[in-house]
Amino acid sequence: MFNLIKMDLYRMFHSVSTWVILLLTVGVAVFCIAATNIDIELMAEDPQYAEEMLDETEEEEAAASQELQLGISAESDPHWIYGDIDAGDLLSIEIKSGIVTLLVVIFAAIFANAAQKNGYIKNVAGQLPDRGMLVLSQLAAMAVQILLMILIFAAVVVASGMIFWGDRVSFGSVSDILRLLGIQYLLNMGFAALILFLTILTKSSAFSMTAGIFMILRVLTPVYSIINRAVGQISSSWKFDINSYVLEGNINMAGIDASAEILIRAVVVGAVFLILSTVFAMLILKKRDVR
Amino acid sequence: MEYLLSTNGLTKQYGRHKAVNSVNIHIRQGDIYGLIGRNGAGKTTLLKMISGLATPTEGDFTLFGKKEKDAYRCLSRVGTLIESPGVYPNMTAADNLKIKCLAMGVRRKNEIEELLEIVGLSSTGKKKVKNFSMGMKQRLGIALALVGNPDLVILDEPINGLDPQGIAEVRDTLFRLNRERNITFIISSHILEELSKIATHYGIIHDGVLLQELTREELLARCSERIELKTDDTRKSCTVLDEMGIRKYKVIDADTIHIFERLNDSGEITMKLAEKGIRTMGITVKNEALEDYYLNLTGGADNV
C-alpha cells in the first residue's frame, strides 16, 4: 500500500495538471480578494447598495439555505467598508463560495482518469493482491494535493487581503480558522472521493467533471427542490432540506460562524461521502475487468 | 512442479459469446510460448485472465505450482504488456519506469538505466513519451513488463507497429533475456512467420478454442520439405521406395505419397517406378509454409 501511495505521489508531482491547478489556486485566491475589494468599494460609494447587502445577509441567515443562487458567489460583509476585516470571516466567505471545490473537482477528475485513460493501470493492476488498493493510493495522493490547495488558498487570501487593506485585516481565533479549514478540507475530500468514484464508474473524466461542476454551480437546485417537496408531501412534520445532506450544501453552510449543529453535520456528511464513495470505487475496480 | 503455468478449462464469456472457450495451455520454465491466432481469436482475453486483469467465467490456472487464490498472489512475479503499451505520454521513459518501480517496491540501483539499456532506449533522456515512435513506445512497454525481474513475461502482440529492424531488435532482446535470465515468455501474435523465429512452443487459438499445442520441432516437422508423389499404385510404389532404401515416407491417400528424404532424387524415383511399370502422375518438391499450415488448421484463408 505504501509503495502505491509513493507511486501516485510521484506521478502527481510529475504531472503538469497538478502544478497548473496549484497556480490556478493562487490566481483564484487573488481574484476572489480583488472581487471582494471591488464589492467593498461599491458599497462605500453607494450606501444604499451597502444597506441592500446588509439586508440580504440578514435574510440569507434567516432563510439558511432555503433559496440558493445558481453559480458561484461570495457575499461581502458591509461592515468591512470602514471596520476591521477578520481574516477568518474573509477566508470563510471565500471558501464557502465553492471556488476551491471547483478546482478540486477538476483536479480529481483529471488525476483519477489518467491511469485508466492511458492504460498504465494494466501495468500494475494484475500484479497487486487487491486492485481496490489503487483507489486508496489515489485518494491519499489527492489528500496531499487538496491539503496544499486549501493551505495555499488560505495563505494567498490572507496575504492578498493584507496587501489590499493593510492593517485593517485582523486575526481572530486561530483555532476557529483551523476548525473552518479542517471541516472544509473534509468536505472537499468527500467531493474528491465522489468524483473518483464517478470517474471509475463511468471511465470518463468528462462525465464526473461535469457532474461535479453542476453540483458546485447549484444547477441541481431544481432537482433538490423536487426532492424536498416530495419528502414534504410524505411527511409534512419533517422539515427536510436535502441541501443539509449534500456536499455542496454543507460547503456553503459550514462557515466560521456556523453553529455547532451545522459543523457536526458537515463533518458527518463529508465523512459519509468520503467513506461510501471510496468503498464503492474500490468494489468496482476490484470486480470489473481492466480494459 | 512440472509446468510453470497451466490453465484448466479457462473460459471467458461476454453475454452469449465465449471469447475464450475451455482453454488448457501448458508452459514450462524457460519456454518461449507463441500464442498464435487471428485478430479476435481470443488471445488478448486469454492473456488478460492469466495476467489477473480479467476474471475467468469458468476454469482456473496453476501458476508456479499454486492454484486459485494462491496463484493470484504469485502474479507479482509476472510482467505484462497487454495490447498497446500503457504509458504516461507527458513523462519520460525513465519516469514511466520509476512509477512502476515505486509501485512494485523495486529499490535496486540502476534498475531503470539497465532496463532502458536492454530495450535500447537509454539515449532518450528527457524526451517525452508522446514524442516517441510507435516502436519506441512498444519497447518501453516491454521494459515496463520487465520491472522487478519477473519470472514470467506476457507480451501481447509486442511487434505491432515495429519496422523490420525494430522487430529484429525486440526478437534478439527477448531471446537474450530468455537465455541469460531464464525468463519464460508468452508472446501472442497473428504473424506466425515472426513468432516461428523465436518461439520454442506454440499454442494455436481460433474462435476462442485452443486448436493445438506443439513444440517448435513438431511444427517444423509438419511444415518440412518433401517430395509429393502422385502415382496410380501406391502399394507397389512403396515397395520400390523400400528397395531404393527410402524409409522416411508417408502414404497420404490412395494416390499420394510424401517422401521426406533424398529430395534431389525425384528423377531417379520416377525412373525406378517406370521400370516396375508404375505410372507417375506427378512428382514435385513441396514445402508447406508455416502460414499455410496455420491456415489449413484454422479452416483456410477465409477465416483470416
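Colleague: Why is B:E114 called partly exposed?

Modeller: B:E114 has a relative accessible area of 32%. Buried means under 20%, exposed over 50% and partly exposed in between (1.4 Å probe, protein chains only), so B:E114 is partly exposed. This is a predicted model, in which local features need pLDDT of at least 70 and side-chain atom pairs count only at pLDDT 80 or more, while totals for chains, interfaces and linings use all residues. Side-chain values use heavy atoms, without hydrogens and water, residues are numbered from 1 along each chain as its sequence is written, and chains are lettered from A in the order in which they are written.

Colleague: What makes B:E114 and B:R108 a salt bridge?

Modeller: Their N to O distance is 2.9 Å. A salt bridge is a side-chain nitrogen of Lys or Arg within 4 Å of a carboxyl oxygen of Asp or Glu, so the pair qualifies. B:R108 counts as partly exposed because its relative accessibility is 45%.

Colleague: What is the N to O value for B:E83 and B:K48?

Modeller: The value is 3.8 Å, and the side chains meet in a salt bridge. B:E83 lies in the loop between β7 and α3 of chain B and B:K48 in helix α1 of chain B, so the pair ties together parts that are 35 residues apart in sequence. Helices (H or I, at least four residues) and strands (E, at least two) are DSSP runs, numbered from the N terminus.

Colleague: Buried or exposed: what is B:K48 called, and why?

Modeller: B:K48 counts as buried because its relative accessibility is 10%. B:E83, at 37%, counts as partly exposed.

Colleague: How many residues of chain B are in contact with chain A?

Modeller: 33 residues of chain B are in contact with 22 residues of chain A, where contact means heavy atoms within 4.5 Å.

Colleague: Why is A:T278 called buried?

Modeller: A:T278 is called buried because its relative accessibility is 9%. A:T278 is found in helix α12 (residues 260-287) of chain A. Leaving aside neighbours within four places in sequence, A:T278 is in contact with A:V135, A:L136, A:L139 and A:A193.
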